[in-house]
Amino acid sequence: TPSSLSTETKHEQFGYRKVAEGEKEGLVRGVFSNVADSYDVMNDLMSAGMHRIWKDQFVKSIGIPSLCSTQQGGPSLRFLDVAGGTGDISFRIIKSLEKHGAFDQMNASPSTNQAETNQAETEQPEFKIPSSIVTISDINPEMLSVGKSRAHKRFSKETLNHIAFQEANAEKLPFADNSFDLYTIAFGLRNVTNIDGALAEARRVLKPGGRFLCLEFSAIPPKYDPLGQIYDAYSFAIIPTMGKVVAGDYDSYQYLIESIRLFPKQEELCDKINNAGFSHVSYQNYTGGIVAVHTGFNC
């Protein structure tokens, strides 16, 4: 009946489980609260260290040397790393920016950046304005805490002045329109409740011509079926058990494996990025499609 339809509970996928609408965000937050302290160790064990190579290649694909050259050293560049609490991607970006003088240029021209900030504040006072070169955003405060601690151990005070940490939901970013030149998200998009909403937010906060890059677990093509079978067997039989032994947490790692299998395949994710309004959308597989990098431009 119409009345029964109106009261029917809507559901979301949390791994292979169906949960009530609105519940997934808290459950995902709990997963990453549980794994924050052992996150890097587990990543090394689960991927046999491959995650470091994937992340290196991902950051290399950004082309930071070219960006800094185009921007006279990069004083006006703004980078946003979403779901990046522990700093794995952003710290690689920062190292490259340091190497190519972006922070030196920023220190030499503070007045220009402050003027830009004041103008943006006038236009959108309800949003934060990114005065820092690199903003690291994550919905989970425990992950951000790990990242902050690492940043203070790795970078100088001068560099730290140009890094900001922001607790935020990828679907409701607290930043002004047209704020960033680059938006990265690594192994985080599959954990958001509304992928389409997160992609729309990514486009909103990017400047015209800004670039979106996503590194995420993906799908091994049928032509590599033997690899796919080995990967599936390893994922379901080994990784959750490894999580229990190393991190004392079986369920969180079982969810992570299930979430990978439910995430859109390469072409489907391209369609979603296109539908969000991005142009020149493409992807590149790493390691036979175990992970893929998707990119698009806000044109």
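## A tour of pocket, helix pair, cavity and strand

Start with the largest pocket, which has a volume of about 450 Å³. Select M46, S47, W54, F217 and I239: of the 27 lining residues, these are the closest to the pocket's centre. Keep in mind that this is a predicted model.

Now colour the helices around the pocket. α3, α4 (50–60), α12 (225–237) and α14 (250–262) each supply at least two residues of the lining. Then colour the lining by class.

**Next, the helix pair.** Select α3 (residues 39–47) and α13 (residues 239–247). Two packed helices are described by the angle between their axes and the distance between the axes. Here the axes come within 11 Å and cross at roughly 145°. The crossing is right-handed.

Which residues of α3 and α13 meet? From α3, show V41, M42, L45 and M46. From α13, show I239, M242, G243, V246 and A247. This contact divides into eight nonpolar residues, one polar and no charged. Two of these residues link back to the first stop: M46 and I239 are also among the closest to the centre of the largest pocket.

**Now go to the cavity.** Rolling a probe the size of a water molecule over the atoms shows where empty space is left. The structure holds one cavity of 30 Å³ or more. The volume of the largest cavity is about 410 Å³. Select A83, D138, I139, G188 and N191, the closest to its centre of the 29 residues that line it.

Which helix gives the most to the lining of this cavity? Select α2: it gives four residues. By class, the cavity lining has 13 nonpolar, nine polar and seven charged residues.

**Then a single residue.** Select A164, found in strand β5 (residues 163–167). Is A164 buried, partly exposed or exposed? Its relative accessible area is 24%, so A164 counts as partly exposed. Show its contacts beyond four places in sequence: A164 touches S132, V134, T135 and I136. Now draw a C-alpha to C-alpha distance from A164 to I136. The two are 28 residues apart in sequence and 6.1 Å apart in space.

**Last, zoom out.** Display the whole protein as a cartoon. Its secondary structure comes to 15 helices and nine strands. Of the 299 residues, 51% count as buried. Among contacts between residues at least 6 apart in sequence, 74% join residues at least 24 apart.

Key. Residues numbered from 1 in each chain as written. Predicted model: local features only at pLDDT ≥ 70, side-chain atom pairs only at ≥ 80, totals over all residues. Heavy atoms only, no water. Axes fitted to C-alpha atoms, helices over the stretch in contact; angles between N-to-C directions. Left-handed = near helix turned anticlockwise from the far one by under 90°. Contact = heavy atoms within 4.5 Å. Nonpolar A, V, L, I, M, F, W, Y, C, P; charged D, E, K, R; others polar. Buried < 20%, exposed > 50% of the residue type's maximum accessible area, 1.4 Å probe, protein only. 1 Å grid on protein atoms, 1.4 Å probe; cavity = no way out; pocket = protein on both sides within 12 Å on 5 of 7 lines; lining within 4 Å. Points joined across faces, edges and corners; volume = space filled by probe spheres on them.
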